[in-house]
Amino acid sequence: MILAAGLGKRMLPLTAQTPKGLLDVAGKPLIVWHIERLVRHGCRRIVINRNEQLGAKLEQAVGTGENWGVEVLWSREEQLLETGGGLLQALPLIGDDPFLVVNADVFTTFDFSRLALTRNCQACLVLVPNPGHNPEGDFCLQGASVSTQASPRLTFAGVSLLDPSLFAGLKPGPFPLAVLLRKAAACGRVTGIFHEGYWIDVGTPERLQQVTCDLREGRGGVPESARQQSLSSHHPA
């Protein structure tokens with residue numbers, strides 16, 4: 001699942017008329033980079049959530065995913081449900097198996113195939129060194145176990161593998177995923193993988209420009225053929 005329902009307030013004025021997922025990154029929309037990468041990793045079905053404000057533009061551009069050989073399903077949020085509430089609403093589209101979650105506003109070289117759930121675990125998180133905008137971090141990684149109590153802390157990369165049981169018994173409505181992750185971590189049900197490769201939270205115009213520069217200069221772990229493809233090669237569905 002790609003979490004793409006945020007309003008992108010930190011990206012204003014770029015997101016005044018354009019959903020964050022359609023902002024240009026080195027010649028193609030940010031969300032297209034995600035879709036292409038998921039397809040390269042063998043993904044054949046993607047659920048994307050979107051808001052009512054500008055989400056229709058995002059859905060029109062991506063469509064059903066046929067241009068990438070993938071099935072795209074849409075979870076439409078009449079009110080903003082935050083990350084946890086958005087995932088809970090989308091579960092009927094996702095199914096009963098563990099599922100990959102990627103925030104629409106991150107860009108990373110992490111190999112999604114490394115994620116796996118061990119016995120009795122409900123989540124496997126990708127953790128990265130703390131960026132300047134999150135110096136205190138989010139979680140501690142002790143071996144393969146994720147903790148909220150120890151230090152030093154690392155930053156949650158916005159990439160995870162989750163088991164639907166993480167949401168058992170919850171009522172619909174807005175709430176952050178972090179609350180569930182901390183609760184599960186306190187019970188020893190969360191593992192993590194440390195990623196030292198390329199990762200950036202594309203949450204501001206400055207960081208959007210940074211990832212564009214990185215890709216054009218060959219950083220970011222994207223194959224040359226993919227870097228050189230322009231938006232013109234991807235017609236809206």
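Analyst: Start with burial. Buried means under 20% relative accessible area, exposed means over 50%, and partly exposed lies in between (1.4 Å probe, protein chains only). This is a predicted model, where local features need pLDDT of at least 70, side-chain atom pairs count only at pLDDT 80 or more, and totals for chains, interfaces and linings use all residues. Residues are numbered from 1 along each chain as its sequence is written, and side-chain values use heavy atoms, with hydrogens and water left out.

User: Which class does cysteine 213 fall in?

Analyst: Cysteine 213 has 33% relative accessibility, so it counts as partly exposed.

User: How many disulfides are there?

Analyst: A disulfide is a covalent bond between the sulfur atoms of two cysteines. The cut-off here is a pair of cysteine sulfur atoms within 2.5 Å. The structure holds zero disulfides. Take cysteine 43: the closest cysteine sulfur belongs to cysteine 124 and is 17 Å away, too far for a bond.

User: How do I read a helix, and what is the case in H1?

Analyst: Helices (H or I, at least four residues) and strands (E, at least two) are DSSP runs, numbered from the N terminus. Helix H1 covers residues 30-40. Of its 11 residues, 10 are buried, so H1 is largely enclosed by the rest of the structure. Among the buried ones are Trp33, His34, Glu36 and Arg37. Glycine 42 follows H1, with a positive phi near 95°.

User: What span should helix H3 have?

Analyst: The expected span is 1.5 Å times one less than the number of residues. H3 has 13 residues (82-94), so it should span 18 Å; its end C-alpha atoms are 17 Å apart, which agrees.

User: Where does H3 bend?

Analyst: The bend at a residue is the angle between axes fitted to the seven residues ending there and the seven starting there. H3 bends by about 35° at leucine 88. Proline 92 follows within four residues.

User: Which residues of H3 are buried, and what covers them?

Analyst: An α-helix has 3.6 residues a turn, so residues three or four places apart point the same way. In H3 the buried residues are Gly84, Gly85, Gly86, Leu87, Leu88, Ala90, Leu91 and Ile94. Their cover includes strands S1, S4, S5, S6 and S11, and helix H4.

User: What does leucine 81 touch?

Analyst: Contact means heavy atoms within 4.5 Å. Leucine 81 lies in the loop between S5 and H3. With a relative accessible area of 6%, leucine 81 is buried. Leaving out residues up to four places away in sequence, leucine 81 touches Gly86, Gln89, Gly173, Pro174 and Phe175.

User: How do the strands pair?

Analyst: Two strands pair if DSSP finds at least two bridges between them. S1 and S4 pair in the parallel sense over two bridges. Isoleucine 2 has isoleucine 48, in S4, as its bridge partner. S4 and S5 are also parallel, over seven bridges. There, asparagine 49 stands opposite serine 75 in S5. Six of the seven residues of S4 are buried, so S4 is largely enclosed by the rest of the structure.

User: What is in the largest nonpolar core?

Analyst: In soluble globular proteins, nonpolar side chains tend to be buried together. A nonpolar core is a set of buried Ala, Val, Leu, Ile, Met, Phe, Trp, Tyr and Cys residues joined through side-chain atoms within 4.5 Å. The largest has 30 residues; Ile2, Ile31, Ile35, Ile48, Leu115 and Val159 have the most contacts inside it. H1 gives the most to this core, with five residues. Apart from it lies another core of 27 residues, including Leu91, Ile94, Ala123 and Phe139.

User: Which peptide bond is cis?

Analyst: The bond from leucine 12 to proline 13 is cis, with omega near 5°. Proline 13 is found in the loop between S1 and strand S2.
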